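Please read the following briefing alongside the sequence and the coordinates. It gathers computed features by topic, for a reader who wishes to check each against the atoms.

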Amino acid sequence: MVLSPVIGKLLHKRVVLASASPRRREILSQAGLRFEVVPSRFKEKLDKAAFPTPYAYAIETAKQKALEVASRMHQKDLRAPDVVIGADTIVTIGGLILEKPADKQDAYRMLSRLNGKEHSVFTGVAIIHCCSEDGQLDMDVCEFHEETMVKFSELSEDLLWEYIDSGEPMDKAGGYGIQALGGMLVECVRGDFLNVVGFPLNHFCKKLVELYCPPRREDVQRVKHESIPAVDTFEIASDAAQGDEGCGPSRAGVDGHSGQAPAGPQGPDTNGLVENPPPFPSDLLDLIDGFKASKALFTACKLKVFDVLKEEGPLKAVDVARKINASVCGTGRLLDVCVALGLLEKTDTGYGNTRLASRHLASEGACSLHGFVAYHDEHAWTVFTDLESAVRQGPQAAAGRPEEDPSQSRDRRLRFMRAMHGLTQLTARQVATAFDLSRFTSACDLGGCTGALARELAREYPRLKVTVFDLPEVIEHVSSFHPEGWQPERLHFVPGDFFKDDLPDAQLYVLSRILHDWADDRVHELLSRVSRSCKPGGGLLVVETALDERRAARASLPAALNALVRAQGRERSLAEYRSLLGQHGFRDVQVAQAGDRLDVVLGTRASSSAP
Ligand SMILES: O=c1[nH]cc([C@@H]2O[C@H](COP(=O)(O)OP(=O)(O)OP(=O)(O)O)[C@@H](O)[C@H]2O)c(=O)[nH]1
């Protein structure tokens, strides 16, 4: 029996799994897929440093594995299979990519690195649709990745060696198999378990829905007019499977344009030939509607919809309306839009948060971005209405406005602090582990605000004492951001202005999301102050979202636009940050990525006194 209708779409096709992994074979056959196994001969030796993110590396490896099998099979009997699936699983921690261990010592190195910590497991997947015509092989590649967070318990050396001696680690990414003995090492898992084992089945099925059962044209148009983006659920596949016999491998889907409507009614042209209308511009319509989606999210956050549903959901629209003190009709529409945006789920019992919403959009919690959303709603939204003049006149248009100073009023300051706190908490661990900082015993986070990064640094490096140095009016509020029962043992808050006051002594100085706020002259002033305070051998850690051609244009887009609408300051490229550190006496400048959007630059203060 095939449970997922979308897997059924592949039953009449020749499907090949380009993998030697017994786990992938098992996951896919248990899902009801029928396929042959042809292990890939692609050597997994791509240059990791050439990829902007670890998952881009995993995706490319998966793609190369599948492409190798497709072309080999085509060459052999001039008939490629219909579909080839490739996958690659990697583990990442502190900017390092771990694959299968080379030997026992290597397994030990990997497992001790993971010991007691949380790491990410990425599986990149490539689905290749092949078409052989006149001896030519034509291939369409659809690719995606899935991330799962896994936390290891604190494990003794003896236990690690016992596990290594079991032989289990050797053919597993990161040196452990979560589905077997390795499960004993794991304290918790956040995300898709099967992704860790080697194949993200859930995401794969969703991709198949996009490829084989895009929403029907009427649905797309209705959705567009109501400004609700299409949502990828298995239900779409079920509906299509029941109501649309022709729901097949649409070219639109295979070409990777997910959610694109199939070609519309076709009329004969003057030669009696059928002419295809131009492709439906779904992506463009999504783009046009994008601001409405943002505003719906901002509004639901402001009205505390996600808090109410986190505490009491699932609830009917009428009950949510009562609790947020809003109209039933307006609330119902907002809730439906949130469902379409993938933020809420709707069942017979009412509306409930998705995991994403409970984790990031409710106002409390270690991963809450509620403050960050509020800041965008109340501040960025207004500032960005000036984009046209900023583009016409350049950043001086923003300079003409009264200075946006987050410390102007208590409310605005607190709002800004909440935004920074949420964002920093979310990325602090990745920043703290981007480099091995264990050689430092003292650090000073300049402009460290609520201490979210400082706390993570102290947690990650047990010998490290961290000072947060920020304006007195900021320091005055930090206690309200401390987690309950929190004792600031190795963490100190010192009030001061990094442009005016002496900087606290430290071996490592941290400037996280600070430099982009300042124009070049101020950046030089600040860096020369840091350079003077930093002793030879000390370090400077700069954290920014760099304008960087390596990163997909889309990810650095907000940074590029921010630079236009801000009165002062500008985003800079990695080359510029490297050069700035060099100009101020920092050598051995290294760069690492912290997650998708942040770059971390570490320089060591050279011994010569003149920078
Ligand atoms: O918890 C677990 N983590 C990982 C695995 C297995 O690890 C390997 C990952 O290696 P890779 O993606 O390169 O795949 P290969 O086994 O080399 O097969 P290919 O022919 O596809 O390259 C993978 O087998 C996971 O299943 C695990 O079992 N548990």
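The model is predicted. Seven strands make up an open sheet of mixed pairing, in the order 12-11-10-13-14-16-15. Strand 12 (491–495) and strand 15 (586–594) stand at the edges with a single partner strand each, so one side of each has no neighbour in the sheet.

**The sheet and its helices**

- On average, and with direction ignored, neighbouring strands of this sheet are turned by 20 degrees against each other.
- Strand 11 (residues 465–470) and strand 12 run parallel and are joined by five bridges, and within this pairing Phe469 stands opposite Val494 of strand 12.
- Helix 19 (residues 410–432) packs on the sheet, where it touches strand 14 (539–544), strand 15 and strand 16 (598–605), and its direction makes about 45 degrees with that of strand 16.
- Helix 20 (residues 452–460) lies across strand 10 (442–446), strand 11, strand 12 and strand 13 (508–512), and runs at about 170 degrees to strand 11.

- Apart from neighbours within four places in sequence, Gly451 is in contact with Val468, Leu491 and Phe493, while its C-alpha atom is separated by 9.7 Å from that of Ser479, 28 residues apart along the chain.
- Glu456 lies in helix 20 and is buried, because its relative accessible area of 10% falls under the 20% cut-off.
- With neighbours within four places in sequence left aside, Glu456 is in contact with Ala428, Arg429 and Ala432.

**Aromatic pairs and charges over rings**

- The count of aromatic pairs comes to nine; one of them is Phe152 with Tyr176, whose ring centres are 4.9 Å apart and whose planes stand at 75 degrees, so the pair is edge-to-face.
- This pair links distant parts of the chain, 24 residues apart, with Phe152 in strand 6 (residues 136–152) and Tyr176 in the loop between helix 5 (157–165) and strand 7 (186–190).
- Phe152 counts as buried at 0% relative accessibility, and Tyr176 also counts as buried, at 4%.
- Phe499 and Trp518 likewise form an edge-to-face pair, with ring centres 4.9 Å apart and planes at 75 degrees, and together with Phe498 they form one aromatic cluster.
- Phe499, buried at 10% relative accessibility, has Arg522 over its face at 3.9 Å from the ring centre.
- The charged end of Arg605 sits over the ring of Phe586, 6.0 Å from its centre.

Notes. Residues are numbered from 1 along each chain as its sequence is written. This is a predicted model: local features need pLDDT of at least 70, side-chain atom pairs count only at pLDDT 80 or more; totals for chains, interfaces and linings use all residues. Side-chain values use heavy atoms; hydrogens and water are left out. Two strands pair if DSSP finds at least two bridges between them. Helices (H or I, at least four residues) and strands (E, at least two) are DSSP runs, numbered from the N terminus. Axes are lines fitted to C-alpha atoms, for helices over the stretch in contact, and angles run from 0 to 180 degrees between N-to-C directions. Contact means heavy atoms within 4.5 Å. Buried means under 20% relative accessible area, exposed over 50%, partly exposed in between (1.4 Å probe, protein chains only). Rings of Phe, Tyr and Trp (its six-membered ring) pair if their centres lie within 6.5 Å; planes under 30 degrees apart count as stacked, over 60 as edge-to-face and the rest as tilted. A charge sits over a ring if NZ of Lys or CZ of Arg is within 6 Å of the ring centre and within 35 degrees of the ring normal.
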